[in-house]
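Let me put the structure up, and then we'll walk through it piece by piece.

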Amino acid sequence: MPDGITARNGPSFSEPYENRNICNGGSATTQLYQQQQQQKHQYITSTPPTSASSSPAKKSFPSTPTHNFSSATFSTGAGGGGGASAGCCNGEFKLCGYDGGNGEDCSTGSVGTSPAEIFGVLGFWLKLRHDLKSVPWKQLRAIKMKNARAAPGCAYIPTKIEHIANVITHGLWVLPSVYAGLNLFFRSYTGAQMLSAIIYGIALTMLFFVSTFFHCVFYCNRNRQLKDVLHRCDRAMIYIFIAGSYYPWLSLGHTSHPQIVSVVKWCVWVMAVLGIIYQQIFHERYKCLETFFYTVIGVVPSLVIVCWGHEFTGMTELKLGGLLYIVGIGFFKSDGIFPFAHAIWHLFVVMASTVHYFAILNHLYPVDVVGTT
């Protein structure tokens with residue numbers, strides 16, 4: 001029987017029959033007992049009083065089972081829990097929801113099969129209504145989703161739930177990044193491919209690992225010195241990851257301008273080192289300028305290559321991944337404005353790095369080339 005409909009357990013009342021509310025039909029035995037009691041009640045009220053001397057024939061009634069009723073209301077719910085009440089109105093049976101009312105909002109139905117038995121969806125919605133009402137919405141609303149924006153020169157302090165989201169959104173990708181790097185390495189058939197796989201795989205894995213480690217320590221908030229060191233490492237890994245992402249394309253990509261590509265490859269690493277030095281000296285002091293450096297080192301090398309007229313085979317994927325990084329920067333700078341802004345930035349990093357990884361895998365480490373060697 002659908003949840004939200006009172007079980008057919010018969011009446012459960014201790015007061016006289018006239019005040020009983022037997023709802024939803026009951027079992028066959030209970031219905032027979034009910035009809036017999038109604039007939040008996042009607043006969044007693046309709047028979048005129050007689051003198052003591054007269055002895056009219058008494059109407060006999062079949063013996064009925066004895067019931068022990070204990071409460072005036074009974075209810076059922078998922079797992080045996082209470083919640084659905086039933087009442088009786090003018091001989092018509094009512095099906096009540098999970099609101100715990102006395103029957104004011106009940107819908108009438110006939111004795112026997114109820115509408116909820118015919119349409120099982122009604123029972124589902126009654127249970128859903130009860131479950132939604134039983135959710136501790138006040139406690140959920142009391143959870144703080146974000147803190148105020150950090151003052152200039154200070155780091156944003158996430159809420160507890162933001163801390164958890166920051167850990168999960170990058171922590172889940174540590175092991176997949178290890179597998180991705182190993183997959184590239186085992187698909188290598190030249191020294192250049194092996195070196196690119198090692199550099200890119202380490203950069204990808206360390207990006208997620210250091211970020212997860214930092215957010216775990218930040219959440220525990222027990223070792224301030226370790227947290228500051230990991231925060232610096234987390235920021236430095238951004239520069240290293242950008243340079244590491246460029247390396248396979250600038251080393252393995254078939255190009256008609258090898259000199260320009262070679263210059264750009266080393267310029268990327270020089271800019272990454274300079275960015276790390278700046279970040280270590282002016283840590284969290286000029287955050288907008290630091291974000292500008294991230295954007296410059298990520299976008300300018302690709303613009304130089306494109307403007308020079310060179311097109312990689314996976315240029316479409318490279319542009320899509322770069323666009324995802326740029327959109328994610330908006331959330332990276334929105335701590336205190338949007339809840340979970342940093343976790344959303346993490347997700348954009350995951351999506352963009354995934355697009356770039358599969359572009360490298362398909363265009364720079366093709367299976368058919370490996371199979372022919």
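This is a predicted model: local features need pLDDT of at least 70, side-chain atom pairs count only at pLDDT 80 or more; totals for chains, interfaces and linings use all residues.

Now, how helices pack. Two packed helices are described by the angle between their axes and the distance between the axes. So what are those two values for helix α7 and helix α8? Helix α7 is residues 191–220 and helix α8 is residues 224–252. Their axes come within 8 Å and cross at roughly 155°. Anything over 145 degrees counts as roughly antiparallel, so α7 and α8 are roughly antiparallel to each other. As for handedness, α7 passes α8 in a left-handed crossing. And what sort of residues make up the contact of α7 with α8? By class, you get 22 nonpolar, seven polar and two charged residues.

α7 has another partner to look at, helix α5, which is residues 160–171. The axes of α5 and α7 are 8 Å apart, and the packing angle is about 160°. That makes α5 roughly antiparallel to α7. The crossing of α5 and α7 is left-handed.

Next, the histidines. Which residues does UniProt list for "binding site"? In the unreviewed entry they are His-215, His-342 and His-346. They are spread over 132 residues of sequence, yet they cluster in space, and the largest C-alpha distance among them is 11.7 Å. From this set, His-342 and His-346 are part of the lining of the largest pocket.

Let's zoom in on His-342, which lies in helix α12, residues 341–364. Is His-342 buried or exposed? Its relative accessibility is 11%, and the cut-off for buried is under 20%, so His-342 counts as buried.

Now look at Phe-340, in the loop between α11 (315–332) and α12. Most residues other than glycine have a negative phi. Phe-340 has a positive one, though, with phi near 60°. At 25% relative accessibility, Phe-340 counts as partly exposed.

Last bit: pairs that are separated in sequence. How far apart in space are Arg-149 and Ile-337? C-alpha to C-alpha, the distance is 6.9 Å, while in sequence they are 188 residues apart. Arg-149 sits in the loop between α4 (137–142) and α5, and with a relative accessible area of 47% Arg-149 is partly exposed.

The other pair is Met-271 and Val-296, with 25 residues of sequence separation and 9.2 Å from C-alpha to C-alpha. You'll find Met-271 in helix α9, residues 258–281. Met-271 has a relative accessible area of 29%, so Met-271 is partly exposed.

Terms used:
Residues are numbered from 1 along each chain as its sequence is written. Side-chain values use heavy atoms; hydrogens and water are left out. Axes are lines fitted to C-alpha atoms, for helices over the stretch in contact, and angles run from 0 to 180 degrees between N-to-C directions. Helices (H or I, at least four residues) and strands (E, at least two) are DSSP runs, numbered from the N terminus. Angles under 35 degrees count as roughly parallel, over 145 as roughly antiparallel, 65 to 115 as roughly perpendicular and the rest as oblique. A crossing is left-handed if the near helix is turned anticlockwise from the far one by less than a right angle, and right-handed if clockwise. Ala, Val, Leu, Ile, Met, Phe, Trp, Tyr, Cys and Pro count as nonpolar, Asp, Glu, Lys and Arg as charged, and the others, Gly among them, as polar. UniProt positions are given in the numbering used here, feature names are shortened, and annotations may be inferred rather than shown by experiment. On a 1 Å grid over the protein atoms alone, a cavity is a set of points where a 1.4 Å probe fits but cannot get out, and a pocket is an open set with protein on both sides within 12 Å along at least five of seven lines; lining residues have an atom within 4 Å of a point. Buried means under 20% relative accessible area, exposed over 50%, partly exposed in between (1.4 Å probe, protein chains only).
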